[in-house]
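Good morning, colleagues, and thank you for coming. Please look at the structure on the screen, and then we shall go through it together.

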Amino acid sequence: MTLKINHLHAIIKETGEEILKGVDLTVPTGEIHAIMGPNGTGKSTLSETIMGYPAYEVTQGTVEFDGQDVLSLPVNERARLGMFLGMQYPAEIQGVNNADFIRTAINAQRPEDDPLPVLQFIQRLQENMALLEMPDDITDRYLNVGFSGGEKKRNEVLQMLMLQPKLAILDEIDSGLDIDALRIVAKGINHLRGPEFSALLITHYERLLEYVTPDKIHVMVDGQIVKTAGPELADELEADGYAKYEKIRRNGVSESTTPE
Amino acid sequence: MNQQLLSQVMASCVNAPDWLMKKRQLAVLLQERFKSTPATEKIIAAWLENPSLAQLEQSVGEQANADQVKAAVPHTTGWVNLPLFAAANVYPELLQENLMEKAISWQDSQLNAMHLALLNGGRFIYIPDGTIVKEPIELTVDCPLPNYHNLVIVGAGAQATIVEHQTATSRQPAYFGTELLLGDGARVDYYQSNRFSAVQNHQTVRAYQAQHSVLNMYLALFDEHDLTTDFYANLDGQGGAAEIKMVTIASGRQVQDVQTQILNHGPHTVGNIIQNGVAKDKAVLNFHAVGKTERGAYGANSQQQSRIMTLSDECKGEADPVLLIEENDVNAGHAASIGKVDADDLYYLESRGLSEHDAQVLLTRGFLLPVLNQFPDQKLRENLVDELAQRLEEKHE
């Protein structure tokens, strides 16, 4: 269940502006990786492109998951492969009950003749809500409508826990969270950690990584990965910022580990 | 032709009181003076070709009786539920004064005049002053004839919930008319979800409201045949309030032309129209909403909101909000929108594994549910949600 990205280029369809300029990245099964980098370097674009957001167009390169070509699949088929994207700005959807939606989503990923029994669903939902310290009424409300920023992020993590993906891409799941909420969100991610689960965390800050220790950290600047190292890199970035890597990118020298 | 229709109408009025026979004859004469409109042309032509003048009570007597007994027996002491023609004999004054006079006017249009002339039956509900009917009054009928009419009179201070779920089973164009007359301080919750069988149909619900009366109208237009409507509340007395909440779906090649109007005549009256509709396939859905505030209706409030969601490139939706204000001291507002399913919403749902079709169905349901969820009757709401799911799943070429 390895995610393998090769020399990925992507543009914004409407303007033609290139955002991803040759991304190479491998996330093996069972590992948690983080992508860090300054604003506007394409981190979110990368996560949305992997999932298939229609505003971006891939012009070159490949994305494979478990050996399958992902880019030729519609968005929902990617989800059915076991990929999950926790979004930076989850949509607010009127008239769609949160719990009903989660159950519909779970069943959409199961064979048609084998839906999750309702009692099992409720039990799992309650366990996961307890883990994330979410109030009971949150699942009776319309999907993300009127949720605070923190509630939305927790709701993304709740969906992740319920859907049990093989790969979770979490796009700034830590932004706008206070320290307690951050700890709870991290608890959710660590809960899934195991040999069958991999994750890609997109973040600006090393704070989340204090709670979820990544196996690898990648630094992304101007549409490319310029550096890959162990979790200790977070401390260096915290102390020195991204200036060094922006300079490397400008000078055309990449320190990234080239994929085999 | 007209002479023939006149004598047919006379012949059908065998047991009717004199005033009703005369009124229906006049209606035959009157309807000729109107210029027919494109919207009603087909209906009138079909009726003229085959006037279908049988009386419903006679032709399906047992069923009508069963219907009558079901609703009337537990409450015979407090209120009245009779077949319309029977009521014309039992309550001649109430009917002569009110039948197609105060809410739906038989002299207003060709269609209304013809409806009265060709009347096949209906119910008369009379709730005397101060009577509170707790159980919902169900107006349920399988009607094989085109012109069916309910007259509902709710006296001063009386309260009732009326659930209309009628099915027109004829291939002839059907006209379902319901008149709601609310006395001082009366309160009525009225639900409607009707079904038709003919290609083209019409339904009218019109209310006349005396002072401080409150009417909540909940309408679900889920039938798949062509339909024109006339929903109307006349807030005549001061301090009256009317709220019309509607959900509609148009699919296939269906045309739904929905007229909704609230007239603020009395001071401090409150009118509110909320309608959400979905058009799919090659359907046409038009919302014409009018909030009219007359001179002298000071302190009135007139609000309306029309929203249409279009699910295909071939369907057409039109929202045409109108506020007519003749008084200075009013609070009025309208909102209208027509749009497709939001692409980002669709992506969000698809990213969780839902197919595009399922995501669309869920979003469309979500568009209608906030209005549907305001229907207070849970059983009815659940039935409507099921019907809605069916209509959304239907596939048309």
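Let me begin with a question: is B:H268 buried, partly exposed or exposed? Before I answer, please note that this is a predicted model.

B:H268 sits in the loop that runs between β12 (255–264) and β13 (270–279) of chain B. Within 10 Å there are 19 other C-beta atoms, so B:H268 is partly exposed. A residue needs 20 or more such atoms to count as buried. The backbone deserves attention here too, as B:H268 is not a glycine and yet has a positive phi, near 60°. As background, residues other than glycine mostly have a negative phi.

Let me now turn to the chain that holds this residue. Chain B contains eleven helices and 17 strands. Its C-alpha atoms occupy a box of roughly 70 × 50 × 45 Å along the principal axes. The radius of gyration of chain B is 21 Å, and this agrees with the value near 21 Å for a compact globule of 397 residues. Of those 397 residues in chain B, 51% are buried. If we take the contacts in chain B between residues at least 6 apart in sequence, 81% of them join residues at least 24 apart.

B:W47 belongs to helix α3 (residues 38–49) of chain B. It counts as buried because 24 C-beta neighbours lie inside 10 Å. Apart from neighbours within four places in sequence, the contacts of B:W47 are B:M114, B:L118, B:P146 and B:P173.

B:R33 is in the loop between α2 (18–31) and α3 of chain B. It has 8 C-beta neighbours inside 10 Å and therefore counts as exposed. Between the C-alpha atoms of B:R33 and B:T167 the separation is 31 Å, and these two residues are 134 positions apart along the chain.

Which residues have the most contacts inside the largest nonpolar core? They are B:V154 and B:L182, in a core of 189 residues. The largest share of this core, eight residues, is given by α10(B). B:L182 itself touches B:V154, B:V188, B:A207, B:Y208, B:Q209, B:A210, B:S213 and B:L215, once residues up to four places away in sequence are set aside. As a general remark, nonpolar side chains tend to be buried together in soluble globular proteins.

We come next to chain A. Its secondary structure consists of nine helices and ten strands. Chain A has a radius of gyration of 18 Å, close to the 18 Å from the globule rule for 260 residues, so it is as compact as a globular protein of that length. The box filled by its C-alpha atoms is roughly 55 × 40 × 35 Å along the principal axes. In chain A, 43% of the 260 residues count as buried. Among contacts in chain A with a separation of 6 or more, 73% are between residues 24 or more positions apart.

There is also a record to mention for this chain. In an unreviewed entry, UniProt gives the feature "domain: ABC transporter" at residues 3–247 of chain A. That stretch is 36% helix and 26% strand, with 28 Å between its end C-alpha atoms.

Some local details of chain A follow. Just after α4(A) comes A:E133, with a positive phi of about 50°. A:D222, which is not a glycine, likewise has a positive phi, of about 45°. A:D222 lies in the loop between β9 (216–221) and β10 (224–229) of chain A, and its 17 C-beta neighbours inside 10 Å make it partly exposed.

Finally, how do the two chains meet? On the side of chain B, 20 residues are in contact with 21 residues of chain A. The elements of chain B that give two or more residues to this side are α9 (343–350) and α10 (356–372). The largest share, nine residues, comes from α10(B). By type, this side of chain B comprises ten nonpolar, four polar and six charged residues.

Thank you for your attention.

How values were computed: Residues are numbered from 1 along each chain as its sequence is written. Chains are lettered from A and ligands numbered from 1 in the order in which they are written. This is a predicted model: local features need pLDDT of at least 70, side-chain atom pairs count only at pLDDT 80 or more; totals for chains, interfaces and linings use all residues. Two residues are in contact if their C-beta atoms, placed from the backbone, lie within 7 Å. Helices (H or I, at least four residues) and strands (E, at least two) are DSSP runs, numbered from the N terminus. Ala, Val, Leu, Ile, Met, Phe, Trp, Tyr, Cys and Pro count as nonpolar, Asp, Glu, Lys and Arg as charged, and the others, Gly among them, as polar. The radius of gyration is taken over C-alpha atoms; the globule rule is 2.2 Å times the number of residues to the power 0.38. A residue is buried if 20 or more other C-beta atoms lie within 10 Å of its own, exposed if 12 or fewer, and partly exposed in between; C-beta atoms are placed from the backbone. UniProt positions are given in the numbering used here, feature names are shortened, and annotations may be inferred rather than shown by experiment. A nonpolar core is a set of buried Ala, Val, Leu, Ile, Met, Phe, Trp, Tyr and Cys residues joined through C-beta atoms within 7 Å.
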